[in-house]
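Please read the following note with the sequence and the model side by side. The points are numbered, and each can be checked by eye.

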Amino acid sequence: MPGIGNPPEAPTPPPDNAPVTDNQPLGPPPENASPQAKSEYNLKKIAAAMQEYHEKNGKFPPAASYDAKDKPLLSWRVHLLPYLGLQGLYKQFKLNEPWDSPHNVQLVPGIPAVYRTVDGPSDGRTCFQVA
C-alpha cells in the first residue's frame, strides 16, 4: 500500500489506440463560456477520467504515489493523463522520480489545460486536489 513504505503500484493505462475520455461525448464549452462554465467542463473531464481509471484499475488513483521510503513521487494528475488522451505526456514522466526531480520538473509547464484554473496563472499550478 503506497504511503506505508511500499513501492507504488503502476496503474494500468489504456492502450495508445484505446478510446479515452477525450473521445467521449463531452464537447468543449463555447469559447465565450464563463470561467465557471469552463471550470465545470474541466471537472467533468477529470471525473470521467477518474471513472475510466477506476474501471481499468479497480480503484481510484491515490492522491500521490510514494517510493519505498514513503517519499511522495507524482500526484493523481500524472496518473490520469492517459485517461485524458495524453499518453505521450504520461510516457515522458519518470514514474519512479518525484515531480520536482530535474527530469520531471521540466514537464510542469506542459500541464494540461483541464487542470489549470481558467482565470488564474498558467505556471503549472492547479487548484484541483483530491484527498
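1. A residue is called buried when its relative accessible area is under 20%, exposed when over 50%, and partly exposed in between, with a 1.4 Å probe and protein chains only. This is a predicted model, in which local features need pLDDT of at least 70 and side-chain atom pairs count only at pLDDT 80 or more, while totals for chains, interfaces and linings use all residues. Residues are numbered from 1 along each chain as its sequence is written, and side-chain values use heavy atoms, with hydrogens and water left out.

2. Helices (H or I, at least four residues) and strands (E, at least two) are taken as DSSP runs and numbered from the N terminus. On this basis the chain has three helices and two strands, and along the sequence they follow the pattern α-β-β-α-α. Of the 131 residues in the chain, 34% are buried. The chain exposes about 7,800 Å², of which carbon and sulfur atoms supply 56%; such areas come from the Shrake-Rupley method with a 1.4 Å probe, and for residues only the protein chains shown count as cover.

3. Helix H1 covers residues 35–57, and its 23 residues should span 33 Å at 1.5 Å a residue, which agrees with end C-alpha atoms that are 33 Å apart; the expected span is 1.5 Å times one less than the number of residues. The buried residues of H1 are Tyr41, Asn42, Lys45, Ile46, Ala48, Ala49, Met50, Glu52, Tyr53 and Asn57. These buried residues pack against helix H2 (76–80), where a contact means heavy atoms within 4.5 Å. After H1 comes Gly58, with a positive phi near 75°.

4. Strand S1 (residues 64–66) is joined to S2 by two bridges, and the two strands run antiparallel; strands count as paired if DSSP finds at least two bridges between them. Tyr66 stands opposite Pro72 in S2. The two strands form a hairpin with five residues between them. In the loop between S1 and S2 lies Asp70, which has a positive phi of about 70° although it is not a glycine. With a relative accessible area of 36%, Asp70 is partly exposed.

5. How many aromatic pairs does the count come to? Rings of Phe, Tyr and Trp (its six-membered ring) pair if their centres lie within 6.5 Å, and planes under 30 degrees apart count as stacked, over 60 as edge-to-face and the rest as tilted. By this rule there are two aromatic pairs. Tyr53 and Tyr83 form an edge-to-face pair, at 5.5 Å centre to centre and with 70° between the planes. Tyr53 lies in helix H1 and Tyr83 in the loop between H2 and helix H3 (87–92), so the pair ties together parts that are 30 residues apart in sequence. Tyr53 counts as buried because its relative accessibility is 2%, and Tyr83 counts as buried at 1%.

6. Trp76 and Tyr115 form an edge-to-face aromatic pair, 5.7 Å centre to centre and with 80° between the planes. This pair links distant parts of the chain, with Trp76 in helix H2 and Tyr115 in the segment after H3, 39 residues apart. Both Trp76 and Tyr115 are buried.

7. A nonpolar core is a set of buried Ala, Val, Leu, Ile, Met, Phe, Trp, Tyr and Cys residues joined through side-chain atoms within 4.5 Å. The largest one here has 19 residues, and those with the most contacts inside it are Ile46, Leu80, Leu81, Phe93 and Tyr115. H1, strand S2 (72–75), H2 and H3 each supply at least two residues of this core, and H1 gives the most, with four residues. Leaving aside residues up to four places away in sequence, Phe93 touches Leu74, Val78, Leu81, His103, Asn104 and Leu107.
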